[in-house]
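Here is a short tour to read alongside the structure. Keep the viewer open and follow along.

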Amino acid sequence: MSAVEAKLAELGLSLPEVVPPLAAYQPAVRSGRYVFTSGQLPMVDGKLPLTGKVGAEVTAEEAKELARTCALNALAAVKSVAGDLDRVARVVKVVGFVASAADFTGQPGVLNGASELLGEVLGDKGVHARSAVGVAVLPLDAPVEVEIQVELTEA
């Protein structure tokens, strides 16, 4: 077990299976020392636990937890192409999309769920730049979607 996966276990978490693509793309692609994930939905066992707009059908607190799930799914996608999460030198960038009710402006707080998980699991390697974007709708009516960009150590 890698040190990163041991840390996940310490937190009561484990890496899920990589979420299969919903269309014509790959969950993650490696280019040199970088891994770019596709947008990861908060799928758990092949299903979305909640659907709808944040600030309407979904609370900001629920969405923050869903963003944590997205980040965990993103780490699984990174591992699928990097082979070992201990090779993560740092998370470079996180981009999150929040399906938002018209008056919801708490996107950064929702995305803290993903950012905080990456920090808990990777420590200083999880510190990153980030964008939090409100959108009208996401695939499958998901409340949140997260993608990450990761730099790997030399092989």
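Which residues lie nearest the centre of the largest pocket, and how many residues line this pocket? Bear in mind that the model is a predicted one. The lining of the largest pocket is made up of 18 residues, and P16, M43, V44, D45 and N73 are the ones that lie nearest the centre. As for space, the volume of this pocket is about 300 Å³. Helix α2, which runs over residues 60-82, gives the most to the lining, with 5 residues. The table sorts the lining residues by class.

| Class of lining residue | Residues in the largest pocket |
|---|---|
| nonpolar | 10 residues |
| polar | 4 residues |

Now turn to the helices. Two packed helices are described by the angle between their axes and the distance between the axes. Helix α1 (residues 3-10) packs with helix α3 (residues 107-122) at an angle of about 115°, and 8 Å separates their axes. On the α1 side the contact is made by V4, K7 and L8, while α3 brings in E120, V121 and L122. Sorted by class, this contact holds 4 nonpolar and 2 charged residues, with no polar ones.

Helix α1 also has a link to helix α2. The side chains of K79 and E5 meet in a salt bridge, at 3.0 Å from N to O. Because K79 lies in helix α2 and E5 in helix α1, the pair ties together parts that are 74 residues apart in sequence. In total, the structure holds 7 salt bridges.

Finally, a word on annotation. An unreviewed UniProt entry gives "domain: Endoribonuclease L-PSP/chorismate mutase-like" for residues 5-148. In the model, the end C-alpha atoms of residues 5-148 are 18 Å apart, and this span is 31% helix and 22% strand.

Technical notes: Residues are numbered from 1 along each chain as its sequence is written. This is a predicted model: local features need pLDDT of at least 70, side-chain atom pairs count only at pLDDT 80 or more; totals for chains, interfaces and linings use all residues. Side-chain values use heavy atoms; hydrogens and water are left out. On a 1 Å grid over the protein atoms alone, a cavity is a set of points where a 1.4 Å probe fits but cannot get out, and a pocket is an open set with protein on both sides within 12 Å along at least five of seven lines; lining residues have an atom within 4 Å of a point. Grid points are joined across faces, edges and corners, and a volume is the space filled by probe spheres set on the points. Helices (H or I, at least four residues) and strands (E, at least two) are DSSP runs, numbered from the N terminus. Ala, Val, Leu, Ile, Met, Phe, Trp, Tyr, Cys and Pro count as nonpolar, Asp, Glu, Lys and Arg as charged, and the others, Gly among them, as polar. UniProt positions are given in the numbering used here, feature names are shortened, and annotations may be inferred rather than shown by experiment. Axes are lines fitted to C-alpha atoms, for helices over the stretch in contact, and angles run from 0 to 180 degrees between N-to-C directions. Contact means heavy atoms within 4.5 Å. A salt bridge is a side-chain nitrogen of Lys or Arg within 4 Å of a carboxyl oxygen of Asp or Glu.
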